Amino acid sequence: MLVLGLESSCDETAAAVVEDGVRVRSDVISSQAEVHARFGGVVPELASRHHVVNVMPVLQSALDEAGVTLDQIDGIAVTRGPGLVGALLVAVQVAKSIAYARHLPIVGVHHHEGHLSAVHLAGAGRSSTDAEVAAHRSPGFPHLALLVSGGHTSLIEVRDHGDYRELGRTLDDAAGEAFDKVAKLLGLGYPGGAVIDRLAKTGDIDFLKKMPKPLPRKEDVNFSFSGMKTWMLNWVQQNGVPTEQKMNDVCASFQHAVVTSLVSKTREAVRQSSVQEVQLSGGVAANSHLRAELRKAGQEDGFEVFVPPPRRCTDNASMIAAAGYHRLVRGERAPLDLRAIATLPLPSRDARDGSPA
Ligand code: KG4
Ligand code: ZN
């Protein structure tokens, strides 16, 4: 089954073709990072306008790279929320138009369900090879997910495809938001998570020893990052923006504090739920220190860690196609008045959510 995935929830316009929820046939991403960089964050109106301009060329590239035409597509999956509503609308409208014109089934996908499905895709590049498909292993069910993106940070029990239960979440900023705000404070541009990651590689994690440790109660599996961000703001006000080696040291210390919090709460959630497999997903899952520290924790505590390759951690459409595949196979169909929704709970079978309304 060939599923066309479309994603435009924030500042990436993306289209992908995925076969049977595993084999990536094409995965095209057009980032608007440069458009928004000079404003220090995503400007919703600009994002919508750029999606309108980019969506058709991106869609055509995805079909061309997969070597297919719309005649060979069996179903369409599109991100319906959460996200910027004007941005979401672009891919939703294109998806519905194709579904109508081609009589194709369509499903709306929760953006976070997309992130949680990236782990089921084979390979690390724009398309999967036969060897990658044969070698691919996914976590079983139930497993635990640490979902860390620019707008969201939570620990989730993944009971099945399309069936999720949130165990803990951030009480204030998302981890990616904290990375981006601190990067801005340090004059590193937007989005700054990847820049901090790069500079931290040659920095000293012990440089800032007094960074606050949030939510110290061990059993608490929620997160909080605003205290670290405020502490960094005060530090920069007192010490000025660091340069050269000191900048790398500051990045390494801040990154280590965020990663330590993410990893320690994940270890605790594993202990409480007694699962043996953990997936790491969302844009911040591209962070090299987080990937390494979570793997180390897994080795120490006896749980296996599954992490998608970096390009599938940040926003893309192959993850949306992967999530949509399982919904299409279950017979789910969205009506052609499918709406884009800015805020949306994660689907759970208990709540009878996940309906395409
Ligand atoms: O999942 P995503 O692409 O978009 C949302 O759904 O929010 O995540 C984007 C976030 C941004 O905050 C970005 O700074 C962060 O992921 N990010 C990173 C890295 N790469 C992207 N944060 C830390 N280290 C990275 N290597
Ligand atoms: Zn995302």
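**Around ligand 1**

The shell around ligand 1 splits into four nonpolar, 10 polar and three charged residues (Ala, Val, Leu, Ile, Met, Phe, Trp, Tyr, Cys and Pro count as nonpolar, Asp, Glu, Lys and Arg as charged, and the others, Gly among them, as polar). Keep in mind that this is a predicted model, where local features need pLDDT of at least 70 and side-chain atom pairs count only at pLDDT 80 or more, while totals for chains, interfaces and linings use all residues. Residues are numbered from 1 along each chain as its sequence is written, chains are lettered from A and ligands numbered from 1 in the order in which they are written, and side-chain values use heavy atoms, with hydrogens and water left out.

So who is in that shell? It holds 17 residues, and the closest are Gly 150, Asp 180, Asp 197, Asn 287 and Asp 315 (a residue is near a molecule if one of its heavy atoms lies within 4 Å of it). Helix H7 (193-200) is one of the elements giving two or more residues, and H7 gives the most, with three (helices are DSSP runs of H or I, at least four residues, and strands are runs of E, at least two, numbered from the N terminus).

Now for the polar atoms. In the side chain of Asp 197, an N or O atom is 2.9 Å from a nitrogen atom of ligand 1. A polar side-chain atom of His 111 lies 3.1 Å from an oxygen atom of the ligand, and a backbone N or O atom of Gly 283 is 3.0 Å from a ligand oxygen atom.

Note on methods
A polar contact is a pair of N or O atoms within 3.5 Å; within protein, one must be able to donate a hydrogen and the other to accept it, and residues adjacent in sequence count only if both atoms are side-chain atoms.
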